[in-house]
Amino acid sequence: MRDPEIIETELMEISAIADDSIKFERIVAWCASHPDEVPFALHQMLGRDKRPSATSH
């Protein structure tokens, strides 16, 4: 596996793409090019998206 910082940089560049169809194509291409890094990438992205849930009173 490559350096985690390189992986994260690549994923951040992909996530910055405004056009959803192009973003999807890049994600698919990235996954096909780096299949061994997909689990790591998913773990990183899911961990980053965790936000405390808001509770209503």
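Analyst: The largest pocket in this predicted model has a volume of about 240 Å³. The lining is made up of Leu11, Ile14, Ser15, Lys23, Ile27, Trp30, Cys31, Val38, Ala41, Leu42 and Met45. Sorted by class, that lining has nine nonpolar residues, one polar and one charged. The elements that each give two or more residues to the lining of the largest pocket are H1, H2 and H3.

Helix H1, residues 4–15, packs with helix H2, residues 20–33, at an angle of about 155°, and their axes are 9 Å apart. Because of that angle, H1 is roughly antiparallel to H2. On the H1 side of the contact you will find Ile7, Glu10, Leu11, Ile14 and Ser15, which meet Lys23, Arg26, Ile27 and Trp30 in H2. The residues of this contact divide into five nonpolar, one polar and three charged.

How far can you trust the picture? The chain averages a pLDDT of 86, and 82% of the residues score at least 70. Among the elements of the chain, H2 has the highest mean pLDDT, at 96, while H3, residues 38–49, has the lowest, at 83.

Conventions: Residues numbered from 1 in each chain as written. Predicted model: local features only at pLDDT ≥ 70, side-chain atom pairs only at ≥ 80, totals over all residues. Heavy atoms only, no water. Axes fitted to C-alpha atoms, helices over the stretch in contact; angles between N-to-C directions. Helix = DSSP H or I, 4+ residues; strand = E, 2+ residues; numbered from the N terminus. Parallel < 35°, antiparallel > 145°, perpendicular 65-115°, else oblique. Contact = heavy atoms within 4.5 Å. Nonpolar A, V, L, I, M, F, W, Y, C, P; charged D, E, K, R; others polar. pLDDT = per-residue confidence, 0-100. 1 Å grid on protein atoms, 1.4 Å probe; cavity = no way out; pocket = protein on both sides within 12 Å on 5 of 7 lines; lining within 4 Å. Points joined across faces, edges and corners; volume = space filled by probe spheres on them.
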